[in-house]
Amino acid sequence: MTLWAMMPSVEPGDPVAGMTGQMWMPTLPPTLGRVLAWHPQPIPILPVIVLLLLALYGVGVVLLHRRGIRWPVARMIWWSLGMATILLVTATGIEGYGMELFSIHMVQHMVLNMLAPIFLVLGAPVTLLLRALPAGSGRRGGVRRAVLWLLHSRGAVFLMHPAVAFGLFVMSLYGLYFTPIFDYLMGTLWGHNLMLIHFLLIGFIYFWGIIGVDPSARTSSRGLLATAGPALPVIELAATVPFHAFFGVVVMMSTELLVTFYAMPMPAWQVSPLTDQATGGGIAWGFTELPTLLVLGALVVKSQRSDRRTSKAAERRRVRDGDAELADYNDYLLSLNRGNSSRP
């Protein structure tokens, strides 16, 4: 008998019954209202982490404001949206029903691995951290120097390499559901939460490198990564699509359960584990479209801003030099004209 089978179960929204165990498990069949109802777990690990990250981000913004530095409102909105998305799947009925139904768990997986990380990356937390920390060569700037060292360390360079980030991202699917690891982690409260945090961190690392709004070991790299240009992020993004599609098709077409944790759903719900697994495979297959569109949109906006900055820099050089290049070109044409005129 697993830990979850010994936990008391209640309907979402019940503030008293069933809250003495480590993990809340639902007994009533899922409805949209029950699944989306606010229902933190008795030990709300991820919701607490979310609140801490929100507070730290707010402290960074306040510190910049006191120095007269304006932090973009859009960045704050993206970060808040990412935090809200995490809460949506960890502090509502989704968390409990995801322990009973593979399909709802897959929604939780996709959101934490492919949607929330995009919002968090667009919030530029690394840039905010570096700007908020005091700079200097003495003890005062020690923390900032440590962060910069970590960003450019060999471990970070390895982790942020496109091939490594891609492999970790894809293995979050295949390495988890096609091995006994999933059943092992789902057997304990801490294993379950460790898996959810893993989804979030791997997704953040993957999209951090692709979107590139924050400094990282990749943005300071030289060689092939530096010369690949804007095509590399698009290639990376497109490369994961067939792997997700293949995973979804395999799960949908499977005639056996991939994980045994969902082999015995609540009898009163009249849910077929294989049918529910097929639904989860369809969710994994179809969910990739929204994150792909979001990232492509972010890359387009980033490219447009880069072009505008380049144009403005060229305009400033032109004004500063007084059209020196144009004057030199005119002098060159004049010299050619004089040379032609002097010929017999």
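Start with the second largest cavity, which has a volume of about 40 Å³. The model on screen is a predicted one.

**Stop 1: the second largest cavity**

Select M114, Y206, F207, L237, T240, T288, P291 and T292, the residues that line the second largest cavity. Which classes of residue make up the lining of the second largest cavity? Five are nonpolar and three are polar, and there are no charged residues.

**Stop 2: the largest cavity**

A search of the whole structure finds three cavities of 30 Å³ or more. The largest cavity has a volume of about 60 Å³. Select I45, P47, T90, E95 and N193: of the 13 residues in the lining, these are the closest to the centre of the largest cavity. Two elements give two or more residues to this lining, α2 (45–66) and α11 (189–211). By class, the lining of the largest cavity divides into nine nonpolar residues, three polar and one charged.

**Stop 3: helix α2**

Keep α2 selected and look along its length. Its 22 residues, at 1.5 Å a residue, should span 32 Å, and the end C-alpha atoms are 32 Å apart, so the two values agree. Which residues of α2 are buried? They are I45, L46, P47, V50, Y57, G60, V61 and L64. Among the elements that cover these buried residues are α3 (73–90), α6 (125–132) and α11. Then move on to G68, which follows α2 and has a positive phi, near 80°.

**Stop 4: helix α9**

Select residues 162–177, which form helix α9. The 16 residues of α9 should span 22 Å at 1.5 Å a residue; the end C-alpha atoms are 23 Å apart, which agrees. Where does α9 bend? The bend is at M171, and the angle is about 45°.

Twelve of the 16 residues of α9 are buried, so the helix is largely enclosed by the rest of the structure. To see them, select P162, V164, A165, F166, F169, V170, S172, L173, Y174, G175, L176 and Y177.

**Stop 5: H109**

Next select H109, in helix α5 (residues 102–122). Is H109 buried or exposed? H109 has a relative accessible area of 0%, so it is buried. Show its contacts next: leaving aside neighbours within four places in sequence, H109 is in contact with S172, L173, Y177 and F199. S172, L173 and Y177 are among the buried residues of α9 from the previous stop.

**Stop 6: L151**

Finish at L151, which lies in helix α7 (residues 142–151). L151 has a relative accessibility of 10%; buried means under 20%, so L151 counts as buried. How many residues apart in sequence are L151 and A217? They are 66 residues apart in sequence, while in space they are 5.6 Å apart, C-alpha to C-alpha.

Terms used. Residues are numbered from 1 along each chain as its sequence is written. This is a predicted model: local features need pLDDT of at least 70, side-chain atom pairs count only at pLDDT 80 or more; totals for chains, interfaces and linings use all residues. Side-chain values use heavy atoms; hydrogens and water are left out. On a 1 Å grid over the protein atoms alone, a cavity is a set of points where a 1.4 Å probe fits but cannot get out, and a pocket is an open set with protein on both sides within 12 Å along at least five of seven lines; lining residues have an atom within 4 Å of a point. Grid points are joined across faces, edges and corners, and a volume is the space filled by probe spheres set on the points. Helices (H or I, at least four residues) and strands (E, at least two) are DSSP runs, numbered from the N terminus. Ala, Val, Leu, Ile, Met, Phe, Trp, Tyr, Cys and Pro count as nonpolar, Asp, Glu, Lys and Arg as charged, and the others, Gly among them, as polar. The expected span of a helix is 1.5 Å times one less than its number of residues. Buried means under 20% relative accessible area, exposed over 50%, partly exposed in between (1.4 Å probe, protein chains only). Contact means heavy atoms within 4.5 Å. The bend at a residue is the angle between axes fitted to the seven residues ending there and the seven starting there.
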